[in-house]
Amino acid sequence: MCQLLGMNCNTPTDIVFSFEGFTQRGGMTDHHTDGWGIAFFEERACRLLMDCQPSALSPVAHFVRSYPIKSLNVIAHIRKATQGEVNLQNCHPFVREVWGRHWVFAHNGNLIDFYPELDGTYSPIGSTDSERAFCYILQELRRVFEGRSAINPPTPVEINGALKPIAAHVASFGVFNFCLSNGQVMWAHCSTNLYFVVREYPFATAHLLDTDVLIDFADHTTPDDRVAVIATAPLTDNEVWHKMFKNESMMFINGHPL
C-alpha cells in the first residue's frame, strides 16, 4: 500500500519537518519505492512536483526538504504500485480543474474491478485505479452541482455532503484511503489506516519516527497558528495522533478537523 500525507492550516506553513520523515518511508524505513509527489496550493492553483525515483533517494525530494514552501493545503504521496506501471503518469497526487480551481487527490489502497463509466469530462492520463477514482469523484460532483460555475461554486459544506456518498460507493470496491483538496479545505476518507494530529498553542517539541530530527514548534509559530497533519501512519513518537474510524470521512478547515 502507498503512504499519504496531508496538511491543512490557518496560516501559510511549510511542511519541511513532516516531509523529512515522510520521505524516508520511500526506500529507507519502508518499501514504498515506486515514485512520489507533492502538491502545494497557492490560492486557486497548485505547485506540483513528482518523481519516479524512491523519495528517500530523489534529488527532487531533497530539494523540497530544503526549500520551505509555505501553503495552507499540501498533499503528498509515496507510491507502492498495485495497479499501473511505475512511471510519472501514475504518480500521485493527481490534479484537475473544477469550478475555476485546481483540485488535488492522492489515494492509498486498492480498488478491485473499479472501472466506472466516465463521460469524458475527466479522463485518466495514467492506468491506476486511483486516477479513475479521482475522475469519477469529480464527474459525480459536477453532476450533483450541475449548473454551478466558477462564479457560483458550491460551498465546502455543500461539497462535503455530496462527497460522502460518492466516497462510500468507491470504497465498496476495496481499500480507499484518500486526501482531497481544492485549496480551501481538505477532505480525508479512511478505509483502513489514516491518522491526524492538530498542532496549536501551546506548541511543544516533536520528534520524527523515521529519522532522528527534533523540532520545537514554539520557535517557529505564533499563538494564533493551527496546523492539522494527516498521515497513513503517525510521523512522530511524542505527539497524540488520532486514528480515524473505518469508513469515516472528515473535512479540515483552517487546521480544524470537522
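Which residues of α1 are buried? The legends below begin with this helix.

View 1. The buried residues of α1 are Phe17, Ser18, Phe19, Gly21, Phe22 and Thr23, where buried denotes under 20% relative accessible area with a 1.4 Å probe and protein chains only. Because six of the eight residues of this helix (residues 16–23) are buried, the rest of the structure largely encloses α1. Helices are DSSP runs of H or I with at least four residues, strands are runs of E with at least two, and both are numbered from the N terminus. Residues are numbered from 1 along each chain as its sequence is written. In this predicted model, local features need pLDDT of at least 70 and side-chain atom pairs count only at pLDDT 80 or more, while totals for chains, interfaces and linings use all residues; side-chain values use heavy atoms, without hydrogens and water.

**View 2. Strand β9 and its pairing with β12 and β13.** Six bridges connect β9 (residues 195–200) to β12 (residues 226–231) in the antiparallel sense; strands pair if DSSP finds at least two bridges between them. Strand β13 (residues 242–243) also runs antiparallel to β9, joined by two bridges. Tyrosine 195 stands opposite alanine 231 in β12 and opposite lysine 243 in β13.

**View 3. The largest cavity, with a volume of about 60 Å³.** The structure holds two cavities of 30 Å³ or more. A cavity is a set of points, on a 1 Å grid over the protein atoms alone, where a 1.4 Å probe fits but cannot get out; lining residues have an atom within 4 Å of a point. Grid points are joined across faces, edges and corners, and the volume is the space filled by probe spheres set on the points. Among the residues lining the largest cavity are Cys2, Arg79, Lys80, His92, His107 and Asp129. Elements β6 (101–111) and α3 (129–144) each give two or more residues to this lining. By class, the lining comprises two nonpolar, seven polar and three charged residues. Ala, Val, Leu, Ile, Met, Phe, Trp, Tyr, Cys and Pro count as nonpolar, Asp, Glu, Lys and Arg as charged, and the others, including Gly, as polar.

**View 4. The second largest cavity, with a volume of about 30 Å³.** Its lining is formed by Asn160, Leu163, Lys164, Ala167, Phe178, Trp187, Ala188, Ser249 and Met250. Two or more lining residues come from each of α4 (156–171), β8 (186–190) and β14 (248–253), and the largest share, four residues, comes from α4. Six nonpolar, two polar and one charged residue make up this lining.

How values were computed: 1 Å grid on protein atoms, 1.4 Å probe; cavity = no way out; pocket = protein on both sides within 12 Å on 5 of 7 lines; lining within 4 Å. Buried < 20%, exposed > 50% of the residue type's maximum accessible area, 1.4 Å probe, protein only.
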